Amino acid sequence: MTFNTPSESQLVDTNPKPPSIYLDKVGIIGAGPAGLAAAIALEKQGLDVHIFERTKAFRPIGAGVTLSPNGVKSLAAIDADIVQQLKQQGSQLNRFRIRTTRGWPILNQPVKDDEYDQPFLAIRWFSLQEIMRAKLPPEILHLNHQLIHFEQNQQSVNLSFDNGETASVDLLIGADGIRSVVRKQLFGLEDPAYGGWMTWRGVQKYQHRLLPPHHTTIFAKRGKSLILLDNGQGYLSWALEMINPTIHRSQHPEAAKARVLQELDHWHPALQELIKLTDADTIVERPVCEPIILPQWSNGRVTLIGDAAHPMAPFLGQGTNTTFEDVWALSTCLSQQDNLEAALDQYEASRIERAQTIQYRTMFSAAQMRNPFLRPQWFKTSLGEVPKQAKVSEKAFSDWLYQYDPSAQA
Ligand SMILES: Cc1cc2nc3c(=O)[nH]c(=O)nc-3n(C[C@H](O)[C@H](O)[C@H](O)COP(=O)(O)OP(=O)(O)OC[C@H]3O[C@@H](n4cnc5c(N)ncnc54)[C@H](O)[C@@H]3O)c2cc1C
């Protein structure tokens, strides 16, 4: 494994101190937004970073992502140029609309971001991934490496992969998503249970007068919504989210596409046309899982970030955004502390309460989609006591969420 020396501009860019000598090799499991962002941040500290990803090859999958000001600010702290590229390639959202399934207007309002320092951005998932991957030396990305087991001792963490290879690192970061193997082994937890919702996502070049540039439009009825986002460069992303009491898995891509078309039967013809144009092979079908509220994210030389640390449903669009918050906090703590234990303690102390509050508020959003009369102050769940900040009004919660200042944390 090679030691990567950062350029001087990288070091002065975001990190006040060079890395402490206790840490050299860092292994990251997963090349999703969490893993890529963590590698970018830690590479800048001069650490010998390696990402191990089970996928055999990256391919364009059909999803778009909304980045909100808290996520954009965190990503800008990690690498300001990434945000510049996102602004050029993606779309800055300026209007939010809700329509009936047949297209009649229900709500039409501007997106207010002037109090939050950064805009709301929508971009194709694959573009985000490509922009981030281009920031990393290709040799640190090890595809076709599915982690099956790790063992840690005082000095290192030893990793075993399904292809028979092994590696030894000083710090292991589990960025392996909602069904994290690292989380499972670290805390002996099962995967999250099915949450009663299914989602299908796609991206397609498409134009229609109901779906103008820079708009988010939701076509909805009780228990079923189709969310459409301008992703920039002529692309439109769509996500169908619906209550489905039992988990559904399509046998093949064409069956998933047929299911979406069936669910949108009698909705506005433009929506049917959009789905028909979408390549079935790129449609992503995902069950929504119940959250897991973890009181602790680290143990010894192993820690968690992103969906592995705080799995949540997609209803607030905060999964990736919270992930970028984690990454900036973790990299700051690693650069500030002289030993790993202190760094991971500081990371948890700065992150867990906020991430849990977002998890609970996401649960509230799911409950409110079932019962529109539910108010946040009344919200209760069997998954523990709801934090006060998750029970405030929508405006107060949005301000708390989006006014987040990464430089004031950790
Ligand atoms: C319908 C829908 C819409 C969403 N919309 C938004 C949105 O608008 N905004 C937002 O912020 N979030 C959104 N999210 C949430 C977002 O997708 C996740 O929060 C985000 O992808 C989490 O990133 P991650 O890197 O932690 O995990 P992932 O993206 O899941 O990445 C994990 C990576 O780890 C790899 N991996 C897993 N196990 C192993 C292993 N054992 N060994 C090696 N590699 C492994 C996987 O292949 C994968 O590449 C949405 C989610 C859904 C389902």
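A residue is taken to be near a molecule or strand if one of its heavy atoms lies within 4 Å of it. The model is predicted, so local features need pLDDT of at least 70 and side-chain atom pairs count only at pLDDT 80 or more, while totals for chains, interfaces and linings use all residues. Residues are numbered from 1 along each chain as its sequence is written, and side-chain values use heavy atoms, with hydrogens and water left out.

By that 4 Å criterion, 30 residues surround the ligand, and the closest are Ala34, Glu53, Leu147, Asp307 and Thr320. Polar contacts are pairs of N or O atoms within 3.5 Å; within protein, one atom must be able to donate a hydrogen and the other to accept it, and residues adjacent in sequence count only if both atoms are side-chain atoms. For Thr320, the distance from a polar backbone atom to an oxygen atom of the ligand is 2.8 Å. The ligand taken alone exposes 1000 Å², of which the protein buries 87%; these areas come from the Shrake-Rupley method with a 1.4 Å probe, and for residues only the protein chains shown count as cover.

Two or more residues of the shell around the ligand come from each of α2, β3 (64-67), β13 (194-205) and α9 (319-336). Here helices (H or I, at least four residues) and strands (E, at least two) are DSSP runs, numbered from the N terminus. The most is given by α9, with three residues. By class, the shell has 11 nonpolar, 14 polar and five charged residues, where Ala, Val, Leu, Ile, Met, Phe, Trp, Tyr, Cys and Pro count as nonpolar, Asp, Glu, Lys and Arg as charged, and the others, Gly among them, as polar.

On a 1 Å grid over the protein atoms alone, a cavity is a set of points where a 1.4 Å probe fits but cannot get out, whereas a pocket is an open set with protein on both sides within 12 Å along at least five of seven lines; lining residues have an atom within 4 Å of a point. The structure holds one cavity of 30 Å³ or more, and about 40 Å³ of space lies in the largest cavity. Its lining is made up of Gly32, Pro33, Leu36, Trp125, Leu128, Gln129 and Met132. Five of the lining residues are nonpolar, two are polar and none is charged.

The second largest pocket contains about 260 Å³ of space. Among its 19 lining residues, Gly195, Glu290, Pro291, Met363 and Ala366 lie nearest its centre. The largest share of the lining, six residues, comes from α10, and the lining divides into 12 nonpolar, five polar and two charged residues.

Two single residues complete the picture. Lys44 sits in the loop between α2 and β2 (48-52) and is buried, with a relative accessible area of 3%; buried means under 20%, exposed over 50%, and partly exposed in between (1.4 Å probe, protein chains only). The Lys44 side chain makes a polar contact with the side chain of Asp79 (3.4 Å). Ser365, in helix α10 (residues 340-370), is buried at 13%.

Definitions and conventions. Grid points are joined across faces, edges and corners, and a volume is the space filled by probe spheres set on the points.
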